[in-house]
Amino acid sequence: MKDKILVIGGYGKVGQVICKDLGSKFPGKVIAAGRNFEKAERFTQTTGENVIPLEFDLFANNAKNKILKQASIVVMCIDQSDTNFIKDCLINGIHYIDITASYSILSKIEALNYTAKESDATAVVSVGLSPGLTNLLVQHSKSYFDTIDKADISLMLGLGEKHGKAGIEWMIDNINASFEVVEDSRKKKVKTFEDGRKTTFPDNIKDRTVYRFNFAEQHILPKTLHIKSVSNRICFDSRFVTASFALLKKLGILNVLKVKLIRNATVRIFENVHLGSDLFSAKVEASGKKDGKATEFECSVIGKNESRITGKVAAILTEFMYTKEYPSGVYHIEQIVSCQDIIEQLPEDIKFYVNRKRT
Ligand SMILES: NC(=O)c1ccc[n+]([C@@H]2O[C@H](COP(=O)([O-])OP(=O)(O)OC[C@H]3O[C@@H](n4cnc5c(N)ncnc54)[C@H](OP(=O)(O)O)[C@@H]3O)[C@@H](O)[C@H]2O)c1
């Protein structure tokens, strides 16, 4: 029967959270897929057999058709460079969710809107923490204003957390990126780990300097929420490590990460060395007009374990799509659910703050 939720990368750091949450709600319906059957089986045994293990390599032409015959929704937890598999899903009427943070693939998925509509399938992208919850924080901020002009998104990641390999690789591969942002409706070229900006995160994290990073929201939100300026910046829980990255970038030393051997060794260091906390925080500082006056609005989330929150957001959205009707087409998360819809379902230890200021 075509009623399975197929999670590709399902026993990875984020995929495990998605599979566990959905497996407990829909036992026997969730498939955790990856290239190694033993790893898949070992993981599914921890779910009380609620989740089904599957050996599946997305980039090999193995049992793809057989798998798609069973799936009602595919949740993608690995990065792809083309949309061939996604097209196959949509043409077969299978709904599709993607947690990738890469705008290069997200922009290609956006172009499948017509394919999805023709096949009565729904694809939702920008799912997770960043992109994901950050898009929804901007959506929430926008609702406060009569007109919103600017949204600055800041993300703090804890280096004490055991991040998944695919996520670490994505970060390292983007450290030397140059990219365009939209400022005052004009394109401007910027570079990763430059253009530091001070911000204050909630609770005990306090003041931090955050630096440009090539997250997808700044490319998406000017289009979906019609905002003239959007930026993404990042820092780590350790001020020392953040400042060191900014300095090494300035000195050009991070260019060594373009050498494969050094890049792979750095990924391994981040996989195995965990110095610091497992806290994360995402914050949006927005400005615009309300009742004719210049106004600022801030909102933020704070919690532990960035992979867990990414998985939680993806699991909530997948449950919505599995149990409710959504319009066909390709959507970013902020176009299909409200911030409140997701925040209400998150575990209580993830805190949500709002702060309004008249200027
Ligand atoms: N939106 C957000 O906020 C957010 C946050 C964190 C991460 N992410 C993204 O989420 C993705 C997963 O991150 P993660 O931390 O969970 O990484 P991870 O722990 O490395 O998990 C990736 C999983 O994919 C499997 N996999 C790799 N290649 C595969 C292939 N060809 N076919 C099938 N399965 C394959 C891996 O298992 P095998 O190697 O055994 O196959 C592994 O289980 C990354 O793309 C990351 O950038 C997004």
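How many helices and strands are there in the protein chain? There are 13 helices and 16 strands. Keep in mind that this is a predicted model.

Overall shape, then. Along the principal axes, the C-alpha trace spans about 60 × 50 × 35 Å. Of the 359 residues, 54% count as buried. The accessible surface comes to about 16,200 Å². Carbon and sulfur atoms hold 50% of that surface.

Now contacts. Take pairs at least 6 apart in sequence. Among those contacts, 70% join residues at least 24 apart.

On to the interior. In soluble globular proteins, nonpolar side chains tend to be buried together. Here, the largest nonpolar core has 78 residues. Which of them touch the most other members? Leu133, Ile342 and Leu346 do. Helix H12, residues 306–323, gives the most to this core, with eight residues. At least three residues come from each of domain 1 (4–128 + 308–343) and domain 2 (129–306 + 347–358).

Look at Leu346 up close. Set aside its neighbours within four places in sequence. Leu346 is then in contact with Leu133, Ile309, Lys312, Val313 and Ile316.

Next, helix H7, residues 129–144. H7 has 16 residues. From first C-alpha to last it reaches 21 Å, close to the 22 Å expected at 1.5 Å a residue. H7 is mostly covered, with 14 of its 16 residues buried. Pro131 lies in this helix. A cis peptide bond joins Ser130 and Pro131, with omega about 10°.

Last, some backbone angles to inspect. Where is Phe193 found? Phe193 sits in the loop between strand E9 (186–191) and strand E10 (197–201). Its phi is positive, about 60°, although Phe193 is not a glycine. Is Phe193 buried or exposed? Phe193 counts as buried because its relative accessibility is 2%, and the cut-off for buried is under 20%.

Lys206 also carries a positive phi, near 60°, and is a residue other than glycine. Lys206 is found in strand E11, residues 206–212. At 43% relative accessibility, Lys206 counts as partly exposed.

Key. Residues are numbered from 1 along each chain as its sequence is written. This is a predicted model: local features need pLDDT of at least 70, side-chain atom pairs count only at pLDDT 80 or more; totals for chains, interfaces and linings use all residues. Side-chain values use heavy atoms; hydrogens and water are left out. A nonpolar core is a set of buried Ala, Val, Leu, Ile, Met, Phe, Trp, Tyr and Cys residues joined through side-chain atoms within 4.5 Å. Buried means under 20% relative accessible area, exposed over 50%, partly exposed in between (1.4 Å probe, protein chains only). Helices (H or I, at least four residues) and strands (E, at least two) are DSSP runs, numbered from the N terminus. Domain bounds come from an automatic or database domain assignment. Contact means heavy atoms within 4.5 Å. The expected span of a helix is 1.5 Å times one less than its number of residues. Accessible areas come from the Shrake-Rupley method with a 1.4 Å probe; for residues, only the protein chains shown count as cover.
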